Amino acid sequence: MKKYSGFSLFKNALSYHENWQKLWRSPKPKSDYDVIVVGGGGHGLATAYYLASVHGITNIAVIEKGYLGGGNTARNTTIIRSNYLWDEAAQLYELSLKLWEGLSQELNYNVMFSQRGVLNLGHNLQDMRDIERRVNANRLNGIDGEVVTPERIKQIAPLINISRDCRYPILGASWQPRGGTARHDAVAWGYARGADALGVDLIQETEVTGIRRKNGAVVGVETTQGFIGARKVACVTAGNSGVVAAMAGLRLPVESRPLQALVSEPVKPCLDTVVMSNAVHGYISQSDKGDLVIGAGVDGYNGYGQRGSFHVIEHTLQAICELFPAFSRVRMNRQWGGVVDTCPDACPIISKTSVDGLYFNCGWGTGGFKATPGSGYVFADTVANDHPHPLAAAFTVDRFNSGALIDEHGAAGVAH
Amino acid sequence: MLLIHCPYCREDREEEEFSYGGEAHIVRPLEPEALSDQEWGDYLFFRKNPRGIHHEMWYHQTGCRRYFYATRNTVSYEILETYMVGEKPQISAAEAGQ
Ligand SMILES: Cc1cc2nc3c(=O)[nH]c(=O)nc-3n(C[C@H](O)[C@H](O)[C@H](O)COP(=O)(O)OP(=O)(O)OC[C@H]3O[C@@H](n4cnc5c(N)ncnc54)[C@H](O)[C@@H]3O)c2cc1C
Ligand SMILES: [Zn+2]
């Protein structure tokens, strides 16, 4: 892998940028791998990268049915934060946030991580009590956070409406300055490039159609390019996890739902932070290109169609216009949906299964982008050692039978 | 926006009048205390979540306020039938070619 640097930029300018090295090879699949990662989204690619870089396992293939990062990775609104309520979740997301802080350097790839801060608004007394509780819990976990007043919110995001004369007046917010956004595609591409350089085969446009087992252990996967053998199979297929689990005769406590987002035409810089509100179901930030990036709540029904219902978006835009009256005249440019794998407790599943050598990392629902580095890190460890990483131990699928759920609906319900 | 036929009101109404109830025909165990943790957890949390034909519950929240069932394709979102509680679906995944 050729390293990116100021010098390489200069050198390539001399040949009109026509001779940059390809980011990754496109190899033919081998007949056999130590580990097959199913799903080439951010989480799958991060898993492969850390398996290779931390655990020295390099005989790996990532098998992706479409193109790398074309699923939820490329569809999400890129909000990153770690201010979750419960210790287990907070520590997992905080590990991730710490990894984000060094990620561009580690991957030698600019993931455009921008710590512009995240506001989670409160609109009634109960919201404010929940916010106080969550911020206190965060601080006990060593996570930055403050409870801020409407006046301070107005300083942070001057276009916001803090008037008391609206349907849902803003009473305060939690503020996590270390939160922010990153460039979603770049995260997938950076991990892909890094994994490829360590010898990982990235196999695109190949769908896994079956999981072959022998004596209770996995032996490989059936794909649209034929059978490929593997000692371990790690599934990171987000919205399609239930479908992939069924290939091994397993059921998961996840339901796949449409989640929608939209962006406006590009406008001049006017919002340099992330504003989210659970109560009015909307959140917004501005991309480096200038478009306002707006996310909706999840649609009510199960759906794999990568699109949802219009009234959900309408509802979100009503909230955005109330929070930011000035945005009511901005025209929307594009709107799309992804398929998110929602779990009953709004927490992920990072787990071994009853089939030896078969692992699942799913259930991130509406909020897994922020966790991409941490998720890949702890899942790689779990797969490599056939034993949960300490920060993943609470997230096994068994919790739905033992009852040890981690209820993050407060911190993750609408917010992503 | 889905247009949903309520079998009680016998009208096609907009999705906003309804709320979703998830997988249909899950039988509540008669003796919950006799179940193992495995069985109880499965009953509470584990769902079919198919890609394709799905039998599911809907609630006519701002209409007759009754639960009913629908058979819907979770990829195309087409609603193939709706039917009342106590009735059986006419369309199954096998018949729909899946
Ligand atoms: C509109 C929207 C907004 C969001 N906003 C945020 C946000 O602001 N912050 C945040 O933290 N999170 C957000 N999320 C959630 C986040 O996008 C996901 O949790 C995260 O991207 C999941 O990561 P992934 O790599 O597993 O998923 P994906 O990128 O979806 O990767 C899964 C991959 O598996 C592949 N696959 C599936 N089945 C097969 C098969 N049989 N064979 C081969 N490959 C297969 C798919 O093609 C896909 O590429 C949002 C999601 C959406 C849809
Ligand atoms: Zn009705």
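How far does a backbone N or O atom of A:Thr366 lie from a nitrogen atom of ligand 1? The gap is 3.1 Å, and that contact opens the set of close-ups below, all drawn from a predicted model.

**View 1. Backbone atoms of chain A reach ligand 1.** Start with A:Thr366, whose backbone N or O atom sits 3.1 Å from a nitrogen of the ligand. On its own the ligand has 1,000 Å² of accessible area, and the protein covers 97% of that.

View 2. One partner is A:Glu101, and the two side chains meet in a salt bridge at 3.0 Å, N to O. A:Glu101 counts as partly exposed because its relative accessibility is 37%. The other partner is A:Asp144, with the closest N and O atoms 2.9 Å apart. A:Asp144 is in the loop between α4 (125-140) and β5 (146-148) of chain A, so its bridge to A:Arg178 ties together parts 34 residues apart in sequence. Are A:Asp144 and A:Arg178 buried or exposed? Both of them are buried.

**View 3. A buried salt bridge between A:Asp345 and A:Arg399.** This pair comes together with its closest N and O atoms 2.7 Å apart. The bridge links distant parts of the chain, 54 residues apart: A:Asp345 is in the loop between β16 and β17 (349-352), while A:Arg399 is in helix α10 (residues 399-402) of chain A. Both residues are buried. Elsewhere, shared partners join A:Glu94, A:Lys98, A:Glu101, A:Asp144 and A:Arg178 into one salt-bridge network. Counting over all chains, the structure holds 19 salt bridges.

**View 4. Two residues with positive phi.** Neither one is a glycine, yet A:Thr78 has a phi of about 60° and A:Glu205 a phi of about 50°. A:Thr78 is in the loop between β2 (60-63) and β3 (79-80) of chain A. Its 11% relative accessibility is under the 20% cut-off, so A:Thr78 counts as buried. A:Glu205 turns up in the loop between β8 (201-203) and β9 (208-214) of chain A. With a relative accessible area of 67%, A:Glu205 is exposed.

View 5. A:Phe10 has its place in helix α1 (residues 6-14) of chain A. At 54% relative accessibility A:Phe10 is over the 50% cut-off, so it counts as exposed.

**View 6. A:Lys3 comes up to A:Asn108.** In the segment before α1 of chain A sits A:Lys3. The C-alpha atoms of A:Lys3 and A:Asn108 are 6.9 Å apart in space, although 105 residues separate the two in sequence. A:Lys3 counts as exposed, at 59% relative accessibility.

**View 7. Chain B on its own.** Chain B has six strands and one helix. Follow the sequence and the elements run β-β-β-α-β-β-β. The C-alpha trace of chain B spans about 40 × 35 × 20 Å along its principal axes. Chain B has 98 residues, and 38% of them count as buried.

Terms used. Residues are numbered from 1 along each chain as its sequence is written. Chains are lettered from A and ligands numbered from 1 in the order in which they are written. This is a predicted model: local features need pLDDT of at least 70, side-chain atom pairs count only at pLDDT 80 or more; totals for chains, interfaces and linings use all residues. Side-chain values use heavy atoms; hydrogens and water are left out. Helices (H or I, at least four residues) and strands (E, at least two) are DSSP runs, numbered from the N terminus. Buried means under 20% relative accessible area, exposed over 50%, partly exposed in between (1.4 Å probe, protein chains only). A polar contact is a pair of N or O atoms within 3.5 Å; within protein, one must be able to donate a hydrogen and the other to accept it, and residues adjacent in sequence count only if both atoms are side-chain atoms. Accessible areas come from the Shrake-Rupley method with a 1.4 Å probe; for residues, only the protein chains shown count as cover. A salt bridge is a side-chain nitrogen of Lys or Arg within 4 Å of a carboxyl oxygen of Asp or Glu.
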